[in-house]
Amino acid sequence: MSPQARRDDLIRAALDLFGSRAPELVTVDDIVARADVSRPLFYRYFPSLRELRVQALRTATDGLIDGLAGLEEGPPEVRLRAAVRGLIDVADHYRAGYIALLRSGSVIATSETDAAIDEVRNRAVALILDALGVSDPSPLLSLTLRCWTAVVEGALLSWLQERSVAREDLDTWLVDQLTAMLGATAQHEPAGPVAVPAGS
């Protein structure tokens with residue numbers, strides 16, 4: 001196995017473990033057992049367990065950002081729903097890392113992981129603004145979208161762990177939540193309402 005492949009394998013092992021256990025509870029012994037390597041080999045690639053945690057979570061956020069690219073086609077309501085479905089699909093694909101970021105990110109937070117999480121949120125907000133056709137959002141609209149991303153994060157965290165709602169119901173419900181929030185915001189916008197996407 002090449003050095004890069006071995007490094008990637010250790011990161012995958014960590015992400016797998018983060019899916020069922022808080023990152024701060026995962027030890028070097030746990031990771032080397034999952035990856036079937038020795039402790040000396042682990043330290044050849046990562047100087048510390050904390051370094052591996054940061055790299056593993058960065059891998060997850062990079063995947064989220066990459067997965068949110070290229071979802072901007074069609075009429076506004078179609079693009080909006082595509083963006084929400086994309087968020088769900090990508091979070092599901094990187095389930096272990098996403099859960100680790102949202103459930104325990106603050107415990108192992110660094111300036112790098114905080115910046116990575118913010119990057120994902122900013123990308124999500126940019127997608128929604130583009131879907132709405134808004135290039136210069138008001139402060140209240142920006143606040144609305146930030147609040148909605150918090151709703152999405154909480155909903156996805158629960159859904160990834162419990163699967164209590166069908167995927168096709170989840171994306172419709174999340175878009176309906178945004179529609180309701182935009183409607184409330186429109187009543188307080190001095191510059192006039194934002195076009196709320198039509199329901200499907």
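1. In which helix is the place of Thr144? Thr144 lies in helix α8, the element that covers residues 139-162. The model in which this residue is examined is predicted, and the points below should be read with that in mind.

2. The overall architecture comes next. The chain contains 9 helices and 0 strands. Read from the N terminus, its elements follow the order α-α-α-α-α-α-α-α-α. The chain has 200 residues, and 45% of them count as buried. Its accessible surface is about 9800 Å², with 52% of that area belonging to carbon and sulfur atoms. When contacts between residues at least 6 apart in sequence are considered, 71% of them join residues at least 24 apart.

3. Beyond its neighbours within four places in sequence, Thr144 is in contact with Met181, Leu182 and Thr185.

4. In soluble globular proteins, nonpolar side chains tend to be buried together. In this model the largest nonpolar core has 33 residues, and those with the most contacts inside it are Ile88, Ile128, Leu145, Trp148, Leu156, Leu174 and Leu178. Two or more residues of this core come from each of α4 (49-67), α5 (76-93), α6 (95-104), α7 (111-132), α8 and α9 (167-186). Which element gives the largest share of this core? That element is α8, with 9 residues.

5. Once its neighbours within four places in sequence are set aside, Leu156 is in contact with Leu87, Ile88, Ala91, Tyr98 and Leu170. There is also a second, separate core of 26 residues, which includes Ile31, Phe42, Ala60 and Leu101.

6. One annotated segment should be noted. The UniProt record, an unreviewed entry, places the feature "DNA-binding region" at residues 27-46. Over residues 27-46 the chain is 75% helix and 0% strand.

7. The aromatic rings remain to be described. How many aromatic pairs does a search of the whole structure find? The search finds 2 aromatic pairs. The rings of Phe42 and Tyr43 have centres 5.0 Å apart and planes at 85°, so this pair is edge-to-face. The rings of Phe42 and Phe46 have centres 6.0 Å apart and planes at 40°, so this pair is tilted. The reasoning rests on the angle between the planes, because a value over 60 degrees counts as edge-to-face, one under 30 degrees as stacked, and the rest as tilted.

8. Phe42, Tyr43 and Phe46 form one aromatic cluster.

How values were computed:
Residues are numbered from 1 along each chain as its sequence is written. This is a predicted model: local features need pLDDT of at least 70, side-chain atom pairs count only at pLDDT 80 or more; totals for chains, interfaces and linings use all residues. Side-chain values use heavy atoms; hydrogens and water are left out. Helices (H or I, at least four residues) and strands (E, at least two) are DSSP runs, numbered from the N terminus. Buried means under 20% relative accessible area, exposed over 50%, partly exposed in between (1.4 Å probe, protein chains only). Contact means heavy atoms within 4.5 Å. Accessible areas come from the Shrake-Rupley method with a 1.4 Å probe; for residues, only the protein chains shown count as cover. UniProt positions are given in the numbering used here, feature names are shortened, and annotations may be inferred rather than shown by experiment. A nonpolar core is a set of buried Ala, Val, Leu, Ile, Met, Phe, Trp, Tyr and Cys residues joined through side-chain atoms within 4.5 Å. Rings of Phe, Tyr and Trp (its six-membered ring) pair if their centres lie within 6.5 Å; planes under 30 degrees apart count as stacked, over 60 as edge-to-face and the rest as tilted.
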